[in-house]
Amino acid sequence: MSSFVGVLVSDQWLQSQFTQVELRSLKSKFIAIKNQNGKVTVGDLPPLMAKLKAFSDKLNDEEIRRVLGESNSDFTNEIDFEGFLKTYLDLQSRDTAKAGNSKHSSSFLKATTTTLLHTINDSEKASYVAHINSYLRDDPFLKQFLPIDPSSNALFDLAKDGVLLCKLINVAVPGTIDERAINTKRVLNPWERNENHTLCLNSAKAIGCTVVNIGTQDLVEGRPHLLLGLISQIIKIQLLADLNLRKTPQLVELVEDNNDVEELMGLAPEKVLLKWMNFHLKKAGYKKPVTNFSTDVKDGEAYAYLLNVLAPEHCSPATLDAKDATERANLVLDHAERMDCKRYLSPKDIVEGSANLNLAFVAQIFHQRNGLSTDNKKISFAEMMTDDELISREERCFRLWINSLGIASYVNNLFEDVRNGWILLEVLDKLSPGSVNWKQATKPPIRMPFRKVENCNQVVGIGKQLKLSLVNVAGNDFVQGNKKLILAFLWQLMRFNMLQLLKNLRSRSQGKEFSDADILSWANKKVKNSGRTSRMESFKDKSLSSGLFFLELLSAVEPRVVNWNLVTKGESDEEKKLNATYIISVARKLGCSIFLLPEDIMEVNQKMILTLTASIMYWSLQQPVDEQSSPSPAASSRSASPEPSIDATLSPAATAIFDGSPSPSTNGTPSLAFATTPSSSPGLPANGSLAPDTTAPPKASPSPSLSGEDDSSLAAEVSNMTIDDADSDTTTSVPLVDDAASDNAISTPQVEEEDTELQSEL
């Protein structure tokens, strides 16, 4: 059985400079400019290069032509794809040198893991290795491979099976992945390895990582710059996890006025860390405010003052008296070592102002000794400011969902960040391209309150165009931070997105829109057809708390994915939680991008149950009918193994039901046709279609393509699916979406009347 490995380049170094997503995008653009003779000449390149996002705002056609002329005397010479790639890299390096910066190097503070120069910082690599060695040294499976030598490539080799990254995610946010779902055999076959990487990438999104332009193939190949970028995000999330009032109510001491607490709650964790650092520096008599983790700490003075006030028993007058920055940095780290806080930094990193490592260093100091008051009165006030558990869980879900869409802004605190309306406009523009009038929108920072109201009024107007339930809702309600209204509005947006993605699988059909009832009916029919008797009466059905129905549904859409030896009866709360955590991990391992928590299944949260069911449905409807109905002999033999293994791991580009990371079009510009290009890595869509993951073997379980290539198989599968809707017993046919179906008009699916609970919230 052959394995599709994506776009291959004979020059291994050249291959290593691009992700599979970048190669696919550039390859399609290269093919598109071939002339009638099937050739591409040097003279064809300038207009193409000038349109690529990497150069469009920096180099024009004439400048590119001049650069090409330096190495090519004859513009009629034919150029192959590898020559095109080399030219691309040459232009890229010239542009970067001209700009005189390294903005594309991997950064701990950046949300995205995409880099163009692919620079690897050895100090960062050594620090991440030290972190992994420290936190995973006692792991039953990984301890045989640890400690990792930071001077070798052992980190990248160990990460190729996906186990290390999954374990690291669980260290950052415990309980994210049910480790029973991780394939941990000594030697994994390609499908098991892909399962681990798919589970890793979907789980990384579920803890807040922005995973753009990374596919499972990139992780299988152990691409250093992508792996370090992903690892840095995971470690950052771990180190900054306690920098909020819910986890550390003592942070309320940083504000003098109780009215400033809401502002503190809205700050990004990095900003809170800076505020904490400046709070102590002010007490220590340090005059200069620290505004970043780079240039402001290069001389080491701020660290000297900070450590002196936090651990005066270890302070030394020589630190501040030192004239040389490197000497002072050494003394600072000696002080930190006595506090057990030297893991992430070297004197060179301080002097050079490494933002990533300085952030990690300060975060470690905070964890070790934050020096904040234990004033019970202030702490109790901070605890009163936090939300109840259900609101907190929904806030988390919608925040992660928005961050997975690939919009320019990053949400740290949902209720605070959406109040100016800008982020909501970005989300609406992603879900319904062209719906936002950006000329009438004001970008943050916004000082005049009426501008915020204008933004939010436009949000309400677009929501009404999309047929969302917004009775008696005005823009000012968002500005005022009405939490229930914000959650209800975002739920409607998520549901709209979900139904749009399902609709786009059948855009050529003249049938009715998908509804909640259709999703419910599909799930029941799928389980029934697998020979089981479980059934859910509604998305509120309390019997769903055991988790057995969803395990049967997952098994029905992919028989090999559930290991029934690990399933409990779901009778006690403990057994229900075991099943719920397993369900979430198995769904992510399958390829579903979901953001719910085990408690949402145990408590049968209607909204989250619907998203889970729809996500499984979306994945299932993209599978070829012959693969679903009659597994191959090879697949049947694998199904006997207690360790689940899927023949193909679909990219979240083809499986993420609520994902909308920007998908690169062939000219390098993110596609905004979100309704037809839901994406996030691994394997982003190109050319406005849902791209298959490069690791999926086509003969066993090919990744779906919504460009029209697999029309017959998908249409056949769905045409056999009868929707047992109370309103209709017609057979619903779901052909594939056409690229042309995505235009800039506002999509307005006929949304059913909202339930009474949602109406009451609005």
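Q: How do α21 and α26 lie relative to each other?
A: α21 and α26 are oblique to each other. This is a predicted model. The axes of helix α21 (residues 389-404) and helix α26 (residues 483-503) cross at roughly 45°. They come within 11 Å.

Q: What hand does the α21 and α26 crossing have, left or right?
A: α21 passes α26 in a left-handed crossing.

Q: Which residues of α21 meet α26?
A: On the α21 side, Ile 391, Glu 394, Glu 395, Cys 397, Phe 398, Trp 401 and Ile 402. They meet Leu 487, Leu 490, Trp 491, Leu 493, Met 494 and Asn 497 of α26.

Q: What does Asn 403 touch, leaving out residues up to four places away in sequence?
A: Thr 210, Ser 409, Tyr 410 and Val 411.

Q: New topic, aromatics. How many aromatic pairs are there?
A: The count is seven aromatic pairs. Trp 276 and Phe 366 form an edge-to-face pair, because their planes stand at 85° and over 60 degrees counts as edge-to-face. The ring centres of Trp 276 and Phe 366 are 5.3 Å apart.

Q: Where in the chain are Trp 276 and Phe 366?
A: In distant parts of the chain, 90 residues apart. Trp 276 belongs to helix α14 (residues 269-284). Phe 366 belongs to helix α19 (residues 355-368).

Q: And Trp 276 and Phe 366, buried or exposed?
A: Trp 276 and Phe 366 are buried.

Q: What sits over the ring of Trp 564?
A: The charged end of Arg 532. The distance to the centre of the Trp 564 ring is 4.6 Å.

Q: Over to α15. Which residues of α15 are buried?
A: Helix α15 (residues 301-310) has Ala 302, Tyr 303, Ala 304, Leu 306, Leu 307 and Leu 310 buried.

Q: What covers the buried residues of α15?
A: The cover includes α14 and α19. It also includes α16 (317-321), α17 (325-338) and α18 (347-352).

Q: Backbone next. Which peptide bond to Pro 147 is cis?
A: The bond from Leu 146 to Pro 147, with omega near 0°. Pro 147 lies in the loop between α7 (122-136) and α8 (154-159). Another cis peptide bond joins Pro 444 and Pro 445, with omega about 0°. Pro 445 is in the loop between α23 (422-431) and α24 (449-465).

Q: What about phi of Lys 467?
A: Lys 467 is not a glycine, yet its phi is positive, about 65°. Most residues other than glycine have a negative phi. Lys 467 lies in the loop between α24 and α25 (475-479).

Q: And phi of Val 604?
A: Val 604 also has a positive phi, near 50°. Val 604 is in the loop between α30 (598-602) and α31 (606-621).

Q: Is Val 604 buried or exposed?
A: Buried, at 7% relative accessibility.

Q: Last, the whole protein. How many helices and strands?
A: The protein has 36 helices and two strands.

Q: What share of the residues counts as buried?
A: 57% of the 762 residues.

Q: And how much of the contacts comes from residues 24 or more positions apart?
A: They account for 68% of the contacts with a separation of 6 or more.

Key:
Residues are numbered from 1 along each chain as its sequence is written. This is a predicted model: local features need pLDDT of at least 70, side-chain atom pairs count only at pLDDT 80 or more; totals for chains, interfaces and linings use all residues. Side-chain values use heavy atoms; hydrogens and water are left out. Rings of Phe, Tyr and Trp (its six-membered ring) pair if their centres lie within 6.5 Å; planes under 30 degrees apart count as stacked, over 60 as edge-to-face and the rest as tilted. Helices (H or I, at least four residues) and strands (E, at least two) are DSSP runs, numbered from the N terminus. Buried means under 20% relative accessible area, exposed over 50%, partly exposed in between (1.4 Å probe, protein chains only). A charge sits over a ring if NZ of Lys or CZ of Arg is within 6 Å of the ring centre and within 35 degrees of the ring normal. Axes are lines fitted to C-alpha atoms, for helices over the stretch in contact, and angles run from 0 to 180 degrees between N-to-C directions. Angles under 35 degrees count as roughly parallel, over 145 as roughly antiparallel, 65 to 115 as roughly perpendicular and the rest as oblique. A crossing is left-handed if the near helix is turned anticlockwise from the far one by less than a right angle, and right-handed if clockwise. Contact means heavy atoms within 4.5 Å.
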